[in-house]
Amino acid sequence: MSNYTPIIGLEVHIELSTASKMFCGCPADHFGKAPNTQVCPVCMGLPGALPFANKKAIESTISFGLAFDCKISQESKFDRKHYFYPDLPKGYQISQYDLPLCTDGVFKNTDQSSVRIKRVHLEEDTGKLIHQTVDGKKVSLIDFNRSSVPLMEMVTEPDFNSAESVDAFLKEIQLVVRALKISSADMEKGSMRLEANISLATEQQVKDLVLPSYKVELKNINSFRFLKKAIQAEIERQSQILSDGEMVIQETRGYDEDTETTFSQRVKEEANDYRYFPEPDIPPLHISEEDVENIRRNLPELPIAKRVRFASDYQLSSDYIQVFITDYDRCAYFENAVALGAQQSLSPKMIAGVIINQNMDKQYPEPAGLVKALVEISQKEYASAGETKAAIEKVIKENPDAVEKYKSGKVQIIGFLLGMVQKELQGTGNPKDIQSEISSQLNR
Ligand code: ZN
Ligand code: MN
């Protein structure tokens, strides 16, 4: 195993949450809608229907590219990618071939490692096949609601050497997409889809900077967790084959969640011939310097920068920051509360604590309300240390499930326990005292 270095590249598809579809006016939000209710001649691929490009989707893709320092193509275009599949009514997908919107980006990790982004392009999603039994007969039904929903595809260079680094990168991508507000990037709803290509390099190949002569593609994996496991299983499988002196076959594989192994889906005999050619119904795109600068100016603070700032400005722990960073609205709420609380000498750490541990932001929709409540609490007489300790002991005893969850790593559950303690003390508990006492009791 140690003789080989995993070489991993990624393809990530992200459905953009625009109001309308990529090439027609139908609503793009297809999830959970009655089948074939959001369709028109364009997204059904009817002859003679004319597509037109969605400006918002183009801007969203450029904003994503800018977040990774990509070059933005001033001249871009759409191309037809031909293949046959029942969920693709036109017989081709409108995609981008040789002039993608964004190229040559880079993702810089806090640990100085980096991942090169080869390209980011825009295309349309396909319809969805639903395999069912109707009147005792096995049938395949097609729902075209998803057909032509904007799909952004990012391709990285093979710059990953472990399943862990892939996992960390993808979670960061999800945060960036959500910060940009261009997609929900929800894996369960299929708005973020992952593919990895994996091969193992020998020590000699690593030394000579040569890539292995094959790669195996892992496809149709619908969660971060399973992709991580699938990559680990694939590294093991390939290393076994190579150790036995055999060759790894270039193919596409899926992941079986039950056996925790990968399985062959299709062996590629030769490269697919998609017969790409320029989409004649959509004029080429000209993107001016000014357009790009406009989008760049409106980029939000990216997660990496926010982490650094939250640590230095507010002295928050990385645990707190990690919770905040997943929810930009909550970050804004927190920062507003800190600004208001500063005049009342409420510390950022304390404000962060009541938001994260007690969800007090849910109780007070406006930061000003929260600050007012915190000031009132701080002027109130608190329960004694003895009363607090007794209440915590009681809550821990009565909620073994929650305690178990906390100990197994679900630290967020502490919010629930804190709430129970406050209930026990009829709201007279000092949040700070409860926090430190409960932590010491739980970690005993
Ligand atoms: Zn349509
Ligand atoms: Mn694609």
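1. The three-stranded sheet. In this predicted model, an open sheet has its three strands in the order β5-β4-β15, with antiparallel pairing; strands here are DSSP runs of E of at least two residues, helices are runs of H or I of at least four residues, and both are numbered from the N terminus. Two strands pair if DSSP finds at least two bridges between them. The edges are formed by β5 (92-95) and β15 (277-278), each of which pairs on one side only. Strand β4 (residues 79-82) runs antiparallel to β15 and is joined to it by two bridges, and in β15 the bridge partner of D79 is P278.

2. Basis of the values. Residues are numbered from 1 along each chain as its sequence is written, while chains are lettered from A and ligands numbered from 1 in the order in which they are written. Because the model is predicted, local features need pLDDT of at least 70 and side-chain atom pairs count only at pLDDT 80 or more, whereas totals for chains, interfaces and linings use all residues; side-chain values use heavy atoms, with hydrogens and water left out.

3. The manganese site. The manganese ion (ligand 2) is coordinated by H13 (NE2), E123 (OE) and E153 (OE) at 2.1 to 2.2 Å, and the spacing of these donor residues in sequence is H-x109-E-x29-E. E123 belongs to strand β7 (residues 114-124) and E153 to strand β10 (residues 150-156), so the pair ties together parts that are 30 residues apart in sequence. Donors are N, O and S atoms within 2.8 Å of the metal (3.2 Å for Na, K and Ca), and the site may look incomplete because water is not among the atoms. E123 counts as buried at 2% relative accessibility, as does E153 at 8%; buried means under 20% relative accessible area, exposed over 50% and partly exposed in between, with a 1.4 Å probe and protein chains only.

4. Helix α11. The 13 residues of helix α11 (residues 367-379) should span 18 Å at 1.5 Å a residue, which agrees with the 19 Å between its end C-alpha atoms; the expected span is 1.5 Å times one less than the number of residues. Its buried residues are P367, L370, V371, A373, L374, V375 and I377, and what covers them includes α8 (328-342), α9 (348-358), α10 (360-363) and α15 (431-442).

5. Aromatic pairs. Rings of Phe, Tyr and Trp (its six-membered ring) pair if their centres lie within 6.5 Å, and planes under 30 degrees apart count as stacked, over 60 as edge-to-face and the rest as tilted. The count comes to 14 aromatic pairs. The rings of F310 and F334 have centres 5.6 Å apart and planes at 50 degrees, so this pair is tilted. The pair links distant parts of the chain, with F310 in helix α6 (residues 303-314) and F334 in helix α8, 24 residues apart, and both F310 and F334 are buried. Elsewhere, ring pairs link F64, F68, F107, F160 and F169 into a cluster.

6. Q174, in helix α2 (residues 163-180), counts as buried at 13% relative accessibility. Leaving aside residues up to four places away in sequence, Q174 touches A185, M187, M192 and F224, where contact means heavy atoms within 4.5 Å. S60, in helix α1 (residues 55-67), is buried with a relative accessible area of 5%, and under the exclusion of residues up to four places away in sequence S60 touches L16 and I182.
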